[in-house]
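Here is a short briefing to read alongside the model. Have the sequence and the structure open, and follow the topics in order.

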Amino acid sequence: MAESKAVNKGMQKSRKRTTASSEGFTAEERAAMKERARELKAAARRGRAAKADGESDVLDKIAEMPEPDRAMAERLHGVIKAAAPALAPRLWYGMPAYAKDGKVVCFFQNAQKFKTRYATLGFSDKANLDEGAMWPTTFALTRLTAAEEARIVALVEQAVSED
């Protein structure tokens, strides 16, 4: 009997380790998934008001960011809103994102969120950026100069175009 308990106990530990390691997600990625679940629940509770609250949610999230990500996110928010006023700000996995017809087109990921050396501007498959058989969908950002802002404006305008 003692042997079977030891075997069962060993199997339980083994299963737990396998399950945890097979997930393959970092703590930051799991936190982002939990944050997304909270976003969906909050949006369901708010209903139609969710669209109006999207911008305040994004601005609140940006305000929580440490520098220099906060300054970059604030500037990026202004650039995207000016380039594509039809995009609705909202949170997506705890990140500022911009959606068209309820579908995320682009998003900003601050460097601190996943402990990376640079922030990123990403585009989803809903963005109209297709160019040949291969094209970039995520861009590293270390700072925003006039040249980067101009490129972002062009990318966002192309992303929302109806081509």
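**Sheet and aromatic pairs**

Four bridges join β4 to β5, and these two strands run antiparallel. The model is predicted: local features need pLDDT of at least 70, side-chain atom pairs count only at pLDDT 80 or more, and totals for chains, interfaces and linings use all residues. Residues are numbered from 1 along each chain as its sequence is written, and side-chain values use heavy atoms, with hydrogens and water left out.

**The sheet**

- Five strands make up an open sheet in the order β1-β2-β3-β4-β5, with antiparallel pairing; two strands pair if DSSP finds at least two bridges between them.
- Strands (E, at least two residues) and helices (H or I, at least four) are DSSP runs, numbered from the N terminus.
- β1 and β5 stand at the edges with a single partner strand each, so one side of each has no neighbour in the sheet.
- On average, neighbouring strands of this sheet are turned by 25° against each other, direction ignored; the axes are lines fitted to C-alpha atoms, for helices over the stretch in contact, and angles run from 0 to 180 degrees between N-to-C directions.
- Leu121 has Phe139 in β5 as its bridge partner.

**Aromatic pairs**

- Rings of Phe, Tyr and Trp (its six-membered ring) pair if their centres lie within 6.5 Å; planes under 30 degrees apart count as stacked, over 60 as edge-to-face and the rest as tilted. By this rule there are three aromatic pairs.
- Trp92 and Phe107 form a tilted pair, 5.0 Å centre to centre with 55° between the planes. Trp92 lies in strand β1 (residues 88–92) and Phe107 in strand β3 (residues 103–109), so the pair ties together parts that are 15 residues apart in sequence.
- Phe107 counts as buried because its relative accessibility is 13%, where buried means under 20% relative accessible area, exposed over 50% and partly exposed in between (1.4 Å probe, protein chains only).
- Phe123 and Phe139 form an edge-to-face pair, 6.1 Å centre to centre with 90° between the planes. This pair links distant parts of the chain, 16 residues apart: Phe123 is in strand β4 (residues 119–123) and Phe139 in strand β5 (residues 138–141).
- Both Phe123 and Phe139 are buried.
- Ring pairs also link Trp92, Tyr93 and Phe107 into a cluster.

**Around Phe25**

- Phe25 lies in the loop between α1 (2–23) and α2 (27–46).
- With a relative accessible area of 40%, Phe25 is partly exposed.
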